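Student: I would like to take a close look at a single part of this model and then see how the surrounding parts are arranged. Could you guide me through it step by step?

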Amino acid sequence: PIALVWFRDDLRLDDQPALRAAIDGGYVPLPVYVHAPDEEGSWAPGAASNAWRHRSLAALDRQLRERGSRLRVFAGPSLSILQALVAFSGAQAVFWTRRYAPAIEQRDTMIKRTLRRQGLRAESFNGALLFEPWDLATQQGDPYRVFTPFWKAAVQAWRTPRPWDAPVRIAAPDDGHAIPDGLPLEALRLAPARPWDAGFWQRFTPGGQGARAALDAFLDEAIEGYATARDVPARRATSRLSPHLHFGEISVQRVVDRLRARSDAPPGDVAHYLRELGWREFAHHLLHHFPHTPDSNLNPRFQDFDWAPADEARLDAWRHGRTGVPIVDAGMRELYATGWMHNRVRMIVASYLCKHLRMHWRHGARWFWDTLVDADLANNTQGWQWTAGTGADAAPYFRMFNPVTQARSFDPDGRYIARWLPELAGIPLPLRFAPWTDPRTLAALAPDYPRQPLVDLAAGREAALAAYRACASS
Ligand code: FAD
C-alpha cells in the first residue's frame, strides 16, 4: 500500500515522523510537496523565505533520489491535490507533520477531517517542537504567558526520544501506478528572477546537509563560551540554525541529541543554548494559544496606544539602513544582504523602530517577514511583541535600548558597524557609535552617511515615554 508523505516545513529525511510513520507502517511512501501560499492567510511566505524554500526543496529531492525515491511538486489547492493523488495512486494513508500558524492549523484540521470521511488514514505528527503547545499548562490549566515558569515546567516534563535515522533506501511506487509527475520546481517561481539573494548563499546552505554542517561548525567552534559571546554580533558565536529549524531541515530533537552527546561542552553554555531553543518553543506555544497575535497586541492595554502615523520616508530609511544611527543601519544592511540578522541587533533595530520612531511593531514585523530567511510566524511575532513591550513576558515598554550604549557594549571595537557600513570604517572610535556628535569629521570622512539621525534620540525617547504614560493611565 501507498502512503502520501506530505512535506511542508519539515524538509528533511532524518528524524522525519511522517516519513517514519509511512515506513514503519509498511507503506510505500509517496513524497509530495504542494505549493499553496494563498492558504496561509495574510502571512504567505515572503521573498527571502521563498528563495530559501526553492533551494531546500531541490536539496530534499536530491536526498530522496540518492535513496531511490523522488519528490513530486504540485501547486495547490492542497486538499484537491492530495485527493487527486490519492485517486491516481490508490494511496490508503496521508501523513504530515504539524504546523502552528493559525491559518494552517485550521486548514489542516479541515483536510484531516475530509480525508478521514473518505475512509483514508490521515494523521499528523509533531515534527517541529520538543513540546506540543497543548502539552504544557499552568496549574490553573491556562497557557503560560511568562517564559521562566514555562521553561521550568518544560525541563521537568522533558523526555528526549531518540531521533530516527532514515533508511539508506526508500522504496518508491512502481510504474504501474499512473501517478502524475508533478511540476518542475522552477514552475513554482520561488527563486528570484534577479539574483538579489546571492549574499545569502555565501552564509547559508539550505537543506539537511547544510543544516548538519552548521550544527557541526557550531559544536566544534562556538558552543564553548556561547552564553556570553552570543551577544557579540561581530563574532560568529551563535549556531545560525534558525532558517534550518524553521524549514525543518533538521529536527530540534536531533539538535538536542547532538548537543547532549558533546560531553566536553561546558554545561552552562549547553543550558543557555537549550534555553534559546526554549524561547522557540514558547513562541510556538503563544502562537497556538493566542492566534490573533501576528496582527494585534497580546497585551490589551496597548489597544489604544498612540503610535506615530506610518511615515513612509522614515520607514524606508529604517528598512534600508539610512537612519543615521550606525548600529541600527548596520543591522538593517546585514539583514538585506544576508537574509539574517544577529539577535542582539534584531532587538536594537526593533526597539529603535517601536520606541524612538514610535512606529507600530507591525511595520517592522512585515519587513522582517519579507527579508528574513528564518521568517517564522511564531518567533517573529514573539520577537516583535517582546521588544515593543506589547507581548507576553515582554520587556516593559518604558525600558528602551539606547542604540549608542548598546553598540558600545556589544560592538566595543566597532567591527560589526564597519563590516556592514564600510563608509564608516574610517571614522575613529568612539565617534563611530554616534557620528552626528562631530559633524565635521563625519562630513570629511563619510560624506555619504546621513549627517543627522532621523530623530534626536533623547527627544524620541521622551515622546515614547509620554505616549506610554498616557496609555498606562487611560
Ligand atoms: P542561536 O543563538 O544559535 O539560537 C538557537 C536557536 O534557538 C535559533 O536558531 C532559534 O531557532 C532559537 N531562538 C534563539 N533565540 C530565539 C528567540 N529570541 N525567540 C525564538 N527562538 C529563538 N527567530 C526566528 O527564527 N525567526 C524570526 O522570524 C525571528 N524574528 C525575530 C524578530 C525580532 C524582533 C527579534 C528580537 C527576534 C527574532 N527571532 C526570530 C529570534 C532570534 O533573533 C533568532 O532566532 C536568532 O537570531 C537566530 O540565530 P541563531 O540560529 O544563530 O540563534
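Student: In which helix does Thr371 lie?

Tutor: The model is a predicted one. Thr371 lies in helix H15, which covers residues 361-371. A residue counts as buried if 20 or more other C-beta atoms lie within 10 Å of its own. Thr371 has 21 other C-beta atoms within 10 Å, so it is buried.

Next, consider what Thr371 touches. With its neighbours within four places in sequence left aside, Thr371 is in contact with Gly46, Ala48, Leu335, Tyr336 and Gly339. A further distance can be given for Ala337: 34 residues separate Thr371 from Ala337 in sequence, and their C-alpha atoms are 9.3 Å apart in space.

Helix H15 also has a part in covering another helix. In helix H12, residues 312-319, the buried residues are Ala317, Trp318 and Arg319. Helix H13 (326-338), H14 and H15 are among the elements that cover these buried residues. Just after H12, Gly321 has a positive phi of about 70 degrees.

Ala434 is found in the loop between helix H18 (415-420) and helix H19 (439-445). Ala434 is buried, with 20 other C-beta atoms within 10 Å. Ala434 and Pro326 are 108 residues apart along the chain, while 7.1 Å separates their C-alpha atoms.

We may now turn to the whole chain. Its domain assignment gives domain 1 (1-127), domain 2 (129-161 + 207-289) and domain 3 (300-473). Between the C-alpha centres of domain 1 and domain 2 the distance is 25 Å. Domain 1 gives 17 residues to the contact and domain 2 gives 18 residues. On the side of domain 1 that touches domain 2, the residues comprise 6 nonpolar, 4 polar and 7 charged.

Finally, strand S4 shows how a strand can be enclosed. In S4 (residues 93-97), 5 of the 5 residues are buried, so the strand is largely enclosed by the rest of the structure. In a regular strand the side chains alternate between the two faces of the sheet. In S4, Ala93, Phe95 and Thr97 are buried on one side, and Val94 and Trp96 are buried on the other, which leaves both faces covered.

The strands paired with S4 complete the picture. Strand S1 (residues 2-7) runs parallel to S4 and is joined to S4 by 3 bridges. Within this pairing, Leu4 has Val94 of S4 as its bridge partner. Strand S5 (residues 121-125) also runs parallel to S4, with 5 bridges between them. Here Ala93 stands opposite Arg121 of S5. Together with helix H4 (residues 102-117), S4 and S5 make a right-handed β-α-β unit.

Conventions. Residues are numbered from 1 along each chain as its sequence is written. This is a predicted model: local features need pLDDT of at least 70, side-chain atom pairs count only at pLDDT 80 or more; totals for chains, interfaces and linings use all residues. A residue is buried if 20 or more other C-beta atoms lie within 10 Å of its own, exposed if 12 or fewer, and partly exposed in between; C-beta atoms are placed from the backbone. Helices (H or I, at least four residues) and strands (E, at least two) are DSSP runs, numbered from the N terminus. Two strands pair if DSSP finds at least two bridges between them. A crossover is right-handed if, with the strands pointing away from the viewer, the path from the first strand over the helix to the second runs clockwise. Domain bounds come from an automatic or database domain assignment. Two residues are in contact if their C-beta atoms, placed from the backbone, lie within 7 Å. Ala, Val, Leu, Ile, Met, Phe, Trp, Tyr, Cys and Pro count as nonpolar, Asp, Glu, Lys and Arg as charged, and the others, Gly among them, as polar.
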